[in-house]
Amino acid sequence: MWQAVLVTLIDTIIIAILVYAFFQLRLLFLSYSKSDYFSVSSANYCYKFGTTLVIWEVIQLITEPLSSLILSFNNDLSERYISLSFTSEDLMLLFPSISIMIVGQILKKACQIAEENKQFI
């Protein structure tokens, strides 16, 4: 029973991370709906969304072997196993997520430069 509860808890944490990522995306689009395109808060929402997606993917890669080990823990020593997989789908999510993080950093730097220009003039 403890195995099922622990694996369910691990899966719930993964889903909670993804929910937080989409909450950041929602905040970004709410900021955009207020015509707040080039602000530090919008750049932060963009960066946090990308960062959270990268964290979600890395944790998802780590939890698969952990879950398989937990579920086979009560088996005999020779019947325990660790399942590990890395597919192209994992890479397909990492590249856009890292790109979103980079865009967030570029927007943040652009906001800082724009603020400096306003103060200079």
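1. How many helices and strands are there in the protein chain? There are three helices and zero strands, where helices (H or I, at least four residues) and strands (E, at least two) are DSSP runs numbered from the N terminus. Read from the N terminus on, the elements follow the order α-α-α.

2. Please keep in mind that this is a predicted model, in which local features need pLDDT of at least 70 and side-chain atom pairs count only at pLDDT 80 or more, while totals for chains, interfaces and linings use all residues. Residues are numbered from 1 along each chain as its sequence is written, and side-chain values use heavy atoms, with hydrogens and water left out.

3. On overall shape, the protein chain has a radius of gyration of 20 Å, whereas a compact globule of 121 residues would have one near 14 Å; the radius is taken over C-alpha atoms, and the globule rule is 2.2 Å times the number of residues to the power 0.38. Along the principal axes, the C-alpha atoms fill a box of roughly 75 × 25 × 20 Å.

4. Among contacts (heavy atoms within 4.5 Å) between residues at least 6 apart in sequence, 72% join residues at least 24 apart.

5. Of the 121 residues in the protein chain, 29% are buried, where buried means under 20% relative accessible area, exposed over 50%, and partly exposed in between, with a 1.4 Å probe and protein chains only. Leu6, which is found in helix 1 (residues 2–33), counts as partly exposed because its relative accessibility is 31%.
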